Amino acid sequence: MSGWGNFVWDNGYGDTAPWAEDTAVPYDGRPSLRSAPIAQNESSSLASGLFDNTAGTITWAWRVDSRLNYDKLLVHLDRESGERYLQGFEGISGNEGWAEYSISAGTLPPGQFRLVFSYTKEAAGGVGSDAAWIAPISGFPVLPPAGSEVAVAVRAPLAVPGAYAQVWPWATMRATSPLSVPRAQAMTWIDARVSARSALGRPGGVAAQPAVADIAVPSPLGQPTLQVRRVRLAPVPAYAPAPGRLLADPLPLRKGSDLPHYRTNRELPWVYGRVWISPVPLDSAGLLWLVADHPVTAVERVTVAGVQIDGWQLVQQVDATGQAVALLRLTRPPADGGAIAVRVVGRRHPVTGQAIEHPADIVADLLRQCGWVVAADAFQGLREAYPALALGMVFGAPVPLRDAIGAVIEPIGAVWSAPRVDAWARRPRNPVATLDASAAERVSARAAAELASVARISYAYDWAAGAARETLTVEAPEAIERYGRMVVDIAMPAVRTARDALEIGSARLADMARPQWQIEISVAGADAPIDAGDTVFLAHPRIPGGSALITAAARDRTRDMLDLTAWLPAGGAPRVVLAQRGLMVEADRAAPSAVVYRDGVATFTVTDDSGMPLAGAAVVLDGQAMRNTDRFGRVQFTTSRGAHTLSVYMDGYAPFQMDVTV
């Protein structure tokens, strides 16, 4: 079926008459696929390759020219075993022109399925062309591109440990072990290496998430004489480390002493997302400050001793060493050595020009800055698990690259793999393999000690103040009833919003509020395609069973063993509720944005550190009179001129005081 490129078909499915290409009835400029001529009570069937419920939407076009209500084109779903899952959910007959139709694979249960197109005759004789046509549009399984290396598990007689076969265009199938392997001159669309060496019943070598299919190798039309199953594309490397820059090496931060004529020896920071930072002084006069050792997206606010100032300018230029930097130039130095703080939006993406704030983009940029080549679609697992998450981070110390990546990924509840340098949400997914007693040579399980029913979450870290700005407390009521109040502190310094902190913190507490197993298992085959982030199904009599997330994988090629560490939660995730929220508003950041005094009445406008008015807050003047702010954050007191103290109390906010002068 050369007109349809690398789509995967099982032609003549169920030992029926095979379909063929039809150039006389094209669709979208390509030959369509037409059912075979058949007699009464016969069928001509064409099946897609295997797919699961992550395949998305599968769309095709179809038409028919047949006896109305008798000779029909039916579509149904079969499981991988060939068992009918859904019988004829749609069919057409008569004289129907081209029309598009689709199904959503996301509505299917777990497992492998194939779409089966069957033209079936009930009546003798024929009407019209007495045929059906289809044209695949999108979502169908496809063969790997020409030249791709694939790892596969094959049907007998090749599914024997130690078997090895090679498939080349117009080449002979052969095996290095003494097996009876059919010889076949085969036209195929791929170059491939096929092996079945693993004790897990899966091939050796590294494999990406499966592109699973049945490939009919021999003919361009797909009529099989040899079936190769469960194709798993070997991943194209997304990254390639530059020589000399390893995960254990420190971030290549510069110091102020690396810049000519500048007096500081502080590390010059890398900044991502929206954060408050303390800039680096660059001159003795206190007029020039370094915001970041790279261009930034914007500077939004500048404060001195907690009071917002306007006399500043962002200057982005190339320094004396040829490095682009972001500088802040003040019109006058901070009075009395007051602390200067800057709210900055950090580094831009080199391609899109947008601020780098998603965890996948931050990690990818860290790798780029350390000399790695990073694919544009790197860390897709993070993008899918956290589609709208925006972080704010500062790297101001030469920590190892490994620790810097962990600081981005681990607090949000994700896991990552150093060998593959990829990351996923910390939750089991569809298993890629089953580990049973026959596969394991060493196995142990122990209950993880981390059990909690209450989590105190700190987030929105302020790098200028050196402390988290906001807190949440979440609870698992059923776990409290069962285990009592077991409190754990969870720090998520880079998370900026209460919504994200609540979602991530609730998911982490849901894991900690139920028993967890840490399982260590060794399996034969150091090259088995299992790595951190994969999910395996445990079916061993000596350890808890179920879908477990691999958190670490170590390959010992001297023993030809793969040592795995897996995480398995016990039971379903419990309900988690928000118990308390506190914004740690600091007095020097929450000073009234306006003080108006007239006829003995002082009007104060109370805001939080972001400038938003605090409506409904209780405000006490000098520990005596109390008033509530209106919806604009305003409150009035009858008082004399001079220095006063305002104490502010509001649900969800930590109490704070402000010294004001009327």
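Me: How many salt bridges does a search of the whole structure find?
Reply: Side chains of opposite charge can pair when their charged atoms come close. In this predicted model, a search of the whole structure finds 22 salt bridges. One of them brings together the side chains of D22 and R34, with 3.3 Å from N to O. Since D22 lies in strand β2 (residues 20–27) and R34 in strand β3 (residues 30–34), the pair ties together parts that are 12 residues apart in sequence.

Me: Is D22 buried or exposed, and what is the relative accessible area of R34?
Reply: D22 counts as buried, because its relative accessibility is 9% and the cut-off for buried is under 20%. R34, with a relative accessible area of 27%, is partly exposed.

Me: Which residue meets K121 in a salt bridge?
Reply: The partner is D130, and the two side chains meet at 3.2 Å, N to O. K121 is buried, at a relative accessible area of 3%, and D130 also counts as buried, at 16% relative accessibility. Salt bridges that share partners join D71, K121 and D130 into one network. A further salt bridge is formed by the side chains of D462 and R469, at 3.8 Å from N to O, and D462 and R469 are both buried.

Me: What is the phi of D130, and where is D130 found?
Reply: Most residues other than glycine have a negative phi, and most peptide bonds are trans. D130 has a positive phi of about 50° although it is not a glycine, and its place is in the loop between β9 (113–120) and β10.

Me: Which strand holds A460, and what is the phi of A460?
Reply: A460 belongs to strand β32 (residues 454–462). Its phi is near 55°, a positive value in a residue other than glycine, and with a relative accessible area of 12% A460 is buried.

Me: How many aromatic pairs does a search of the whole structure find?
Reply: A pair of aromatic rings is described by the distance of the centres and the angle of the planes. The search of the whole structure finds 10 aromatic pairs. In one of them, W9 and F140 form a tilted pair, with 5.7 Å centre to centre and 50° between the planes. W9 lies in strand β1 (residues 9–11) and F140 in the loop between β10 (131–138) and β11 (150–154), so this pair ties together parts that are 131 residues apart in sequence. Both W9 and F140 are buried.

Me: What angle do the planes of Y27 and W98 make, and which strands hold Y27 and W98?
Reply: The planes of Y27 and W98 stand at 55° and the ring centres are 4.9 Å apart, so the pair is tilted. Because Y27 lies in strand β2 and W98 in strand β8 (residues 95–104), the pair ties together parts that are 71 residues apart in sequence. Y27 is buried, with a relative accessible area of 18%, whereas W98 is partly exposed, with a relative accessible area of 26%.

Me: Which residues do ring pairs link into a cluster?
Reply: The cluster linked by ring pairs consists of W9, W60, W62, Y101, F117 and F140.

Me: How many residues does helix α5 have, and which residues in α5 are buried?
Reply: An α-helix has 3.6 residues a turn, so residues three or four places apart point the same way. Helix α5 (residues 498–512) has 15 residues, and from its first C-alpha to its last it reaches 20 Å, close to the 21 Å expected at 1.5 Å a residue. The buried residues in α5 are A498, D500, A501, I504, G505, S506, L509, A510, D511 and M512.

Me: In what order do the strands of the open sheet with β18 run?
Reply: The 4 strands of this open sheet have the order β18-β25-β21-β22, and the pairing is antiparallel. The edge strands, each pairing on one side only, are β18 (274–277) and β22 (307–308). Strand β18 is joined by 4 bridges to strand β25 (residues 340–345), and the two run antiparallel; R274 stands opposite V345 in β25.

Me: How many helices and strands does the protein have?
Reply: The protein has 5 helices and 46 strands. Of its 662 residues, 48% are buried.

Notes:
Residues numbered from 1 in each chain as written. Predicted model: local features only at pLDDT ≥ 70, side-chain atom pairs only at ≥ 80, totals over all residues. Heavy atoms only, no water. Expected span 1.5 Å × (residues − 1). Buried < 20%, exposed > 50% of the residue type's maximum accessible area, 1.4 Å probe, protein only. Salt bridge = Lys/Arg side-chain N within 4 Å of Asp/Glu carboxyl O. Pairing = 2+ DSSP bridges. Phe/Tyr/Trp six-rings, centres within 6.5 Å; stacked < 30°, edge-to-face > 60°.
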